[in-house]
Amino acid sequence: MKKTIAVLAGDGIGPEVMDVTLSILKAIANKYDHSFEFNEALIGGAAYDKHQNHFPEETKNICEKSDAILFGSVGGPIEQMNQPKWHNCEKNSILGLRKAFNFHANFRPVTIFPELANICPLKKEIVDQGIDILFVRELVGGIYFGEHKTKEQDGVRYASDTMEYNEDQIKAIAHAAFQAAQKRKNQVTSVDKSNVLDCSRLWKQVVTEVSEKYPDVSLKHILVDNCAMQIIKNPSQFDVILCPNMFGDILSDAGAVLPGSLGLMPSASMNNQEFMMVEPAGGSAPDIANKDIANPIAQILSAAMMLRYAFKMPSEARDIEKAVDTVLSKNYRTGDIWSDGNIKVGTKKLGDLVCSEITTL
Ligand code: IPM
Ligand code: MG
């Protein structure tokens with residue numbers, strides 16, 4: 001099969017974890033006789049250097065001509081946030097891409113690798129119950145995309161951000177969540193703040209209506225504050241957690257600490273035409289960039305999500321996931337997930353190990 005992939009490596013650790021991931025995709029292409037064409041494009045600070053724009057038109061065109069977008073990470077060091085290169089960098093590039101392609105549905109799976117159960121910050125008896133959650137987050141609505149205002153009135157500074165949802169936006173993400181649950185454990189927990197917010201009352205109503213079309217899937221509603229607590233206290237109760245944009249941002253980061261490192265979490269965002277962008281859930285980590293120490297697993301597993309969901313290549317995706325499992329079971333670790341008795345390796349070496357497992361699987 002021939003596929004064209006827009007490669008947006010970005011800033012910080014983006015380019016090095018992307019390099020490793022492209023080698024792995026080449027190994028998959030060789031093994032299965034596919035042809036993957038990688039079209040690199042600039043995004044974030046890297047794009048700003050050349051175009052004074054974090055998400056240039058040229059990049060958008062390359063994405064439009066591709067079968068999927070493989071995204072790295074964007075953003076600079078906190079202490080340089082006010083420089084034009086980094087000011088609003090994440091917002092302009094990530095939200096720009098989401099809006100440009102209407103990537104309304106964001107999938108963030110959280111699982112514990114059995115080999116890494118010891119680095120989960122929760123107690124062993126909780127981890128032993130099993131943790132396998134899929135966050136399904138609405139991504140192009142809510143408070144992120146409502147009107148934002150900052151002004152000064154009579155010497156008093158004022159700011160406002162408007163949260164809004166219409167029923168079509170809620171229906172679309174609810175269908176995505178129920179369909180995802182049907183491929184898992186048939187359970188959706190929908191998150192709201194319906195004791196306070198009108199948006200949440202509408203959310204709850206519309207999700208309940210959509211659930212009637214999925215009689216095989218059970219639906220529970222949970223308040224966002226309680227959900228935050230339950231993710232830490234009793235994560236095994238969850239299958240799919242369905243969230244509006246901002247609650248999903250916050251709760252998926254709470255979920256992201258469970259595997260033990262942000263460097264382990266892949267994610268995928270898609271639109272109604274099943275066009276998709278995959279990306280690691282962690283950031284650009286500029287403090288550890290170019291040192292060959294970043295964990296490339298989240299980027300590698302994001303590529304596996306692209307193969308499975310965008311290209312319908314389940315065996316190829318499984319090969320990558322199995323290869324990562326095998327490398328971990330042989331005790332190879334990057335620094336962020338290393339503990340006594342493991343073999344510490346760098347970004348490139350970990351990628352090479354995954355590549356060689358793929359060829360021998
Ligand atoms: C995420 C990020 C983004 C978001 C930021 C960088 C705009 O935190 O993908 O979760 O808030 O959606
Ligand atoms: Mg976030």
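A polar contact here is a pair of N or O atoms within 3.5 Å; within protein, one must be able to donate a hydrogen and the other to accept it, and residues adjacent in sequence count only if both atoms are side-chain atoms. Keep that in mind, everyone.

Two housekeeping points. This is a predicted model, where local features need pLDDT of at least 70, side-chain atom pairs count only at pLDDT 80 or more, and totals for chains, interfaces and linings use all residues. Residues are numbered from 1 along each chain as its sequence is written, and side-chain values use heavy atoms, with hydrogens and water left out.

Now the overall picture. The protein chain has 12 helices and 14 strands, taken as DSSP runs (H or I, at least four residues, for helices; E, at least two, for strands) and numbered from the N terminus. Its C-alpha trace spans about 60 × 50 × 40 Å along the principal axes.

On to the domains. An automatic or database assignment gives domain 1 (1-104 + 272-361) and domain 2 (121-258). Their C-alpha centres lie 25 Å apart. The contact (heavy atoms within 4.5 Å) takes 6 residues from domain 1 and 8 residues from domain 2.

So what holds for polar contacts between domain 1 and domain 2? There are 2 residue pairs, both residues at pLDDT 80 or more. Salt bridges between these domains number 0, a salt bridge being a side-chain nitrogen of Lys or Arg within 4 Å of a carboxyl oxygen of Asp or Glu.

The whole structure, though, has 14 salt bridges. One of them pairs Asp239 with Arg184, with the closest N and O atoms 2.8 Å apart. Asp239 sits in the loop between helix H8 (224-233) and strand E10 (240-243), and Arg184, 55 residues away, in the loop between helix H6 (167-182) and strand E8 (187-192).

Terms used:
Chains lettered and ligands numbered in written order.
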